[in-house]
Amino acid sequence: MRDSVTKAMAGPRPVVLSGPSGAGKSTLLKELMKEYDSIFGFSVSHTTRNPRPGEENGKDYHYVTRDVMQRGIDNGDFIETAEFSGNMYGTSKAAVQDVQAKNLICILDIDMQGVRNIKTTDLNPIYISIQPPSMAILEKRLRDRKTESEENLQKRLNAAKVDMEFSKEPGVFDTIIVNDNLEDAYGKLKEALLEEINKVKKINMSS
Ligand SMILES: Nc1ncnc2c1ncn2[C@@H]1O[C@H](COP(=O)(O)OP(=O)(O)OP(=O)(O)O)[C@@H](O)[C@H]1O
Ligand SMILES: Nc1nc2c(ncn2[C@@H]2O[C@H](COP(=O)(O)O)[C@@H](O)[C@H]2O)c(=O)[nH]1
């Protein structure tokens, strides 16, 4: 999937946040976007799953049918796509370009298939893995979130086991953060991104 479109995307280095479903990626990401709204922009993915209560089309995801998603894929609109827990997910070129056009650091929240695929492109992001303290805690967080059917929950837990092993593969992630205490995890995330945050602050000050 090496793609000259991603290579042409200028601006600060994007950030990939990955890790098991329920590890806390969205929670940490929302904190980051709240504190640094003029620094980071979220890459709004496409998905065929239904919106959860409170989620907004075009903000959390672009919610589409399988037919629409497949047409986009056939048309070459996506940088990467994945099948996860019975649904399709994907990062469109437009999603990344929209953020980069504003000179913001583009954040992608994607699963491990997405990480593998992004590694074959020229996007050159910083790769951060958010991991849960244990499978038991992950299961509790996912159950307490009350967003998944039992069947989906089991699919997500199975995927989580593979993801937790994947994150240990040397050289895949630049930083691995165990999200036990939320404040500590958020502090580590900011620390990992400090250099890039400062670069954008400098650019903003001089423009
Ligand atoms: N450090 C933490 N301690 C306790 N609960 C947490 C912590 N971090 C996140 N949570 C809670 O765990 C649940 C899962 O978090 P979140 O939805 O952010 O995970 P996620 O990795 O984005 O999942 P998905 O990939 O399914 O979108 C949420 O209900 C969130 O409030
Ligand atoms: N490969 C991709 N994975 C994605 C994308 N958008 C989200 N995700 C990942 O899917 C799972 C489930 O998300 P949920 O919102 O249904 O809980 C999670 O691991 C996300 O990181 C994408 O565009 N590509």
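1. A word on the ground rules. This is a predicted model, in which local features need pLDDT of at least 70 and side-chain atom pairs count only at pLDDT 80 or more, while totals for chains, interfaces and linings use all residues. Residues are numbered from 1 along each chain as its sequence is written, chains are lettered from A and ligands numbered from 1 in the order in which they are written, and side-chain values use heavy atoms, with hydrogens and water left out.

2. On its own, ligand 1 has 630 Å² of accessible area (Shrake-Rupley method, 1.4 Å probe), and the protein covers 75% of that.

3. Who stands around ligand 1? There are 14 surrounding residues (a heavy atom within 4 Å), and the closest are Ser21, Lys25, Ser26, Thr27 and Arg145. Helix H2 (25-35) and helix H6 (135-145) each supply at least two residues of this shell (helices are DSSP runs of H or I, at least four residues). H2 gives the largest share, three residues.

4. Now turn to ligand 2, which has 17 residues around it, the closest being Ser45, Arg49, Tyr61, Tyr89 and Asp109. An oxygen atom of ligand 2 is 2.6 Å from an N or O atom in the side chain of arginine 49. Glutamate 80 places a polar side-chain atom 2.7 Å from a nitrogen atom of ligand 2, and glycine 90 has a backbone N or O atom 3.1 Å from an oxygen atom of the ligand. Taken alone, ligand 2 exposes 510 Å², and the protein buries 95% of that. Strand S5 (78-84) and strand S6 (87-92) are the elements that give two or more residues to this shell (strands are DSSP runs of E, at least two residues).

5. Finally, the record: UniProt, in an unreviewed entry, places the feature "domain: Guanylate kinase-like" at residues 12-194; such annotations may be inferred rather than shown by experiment. In the model, that span is 42% helix and 22% strand, with its end C-alpha atoms 13 Å apart.

Notes: A polar contact is a pair of N or O atoms within 3.5 Å; within protein, one must be able to donate a hydrogen and the other to accept it, and residues adjacent in sequence count only if both atoms are side-chain atoms.
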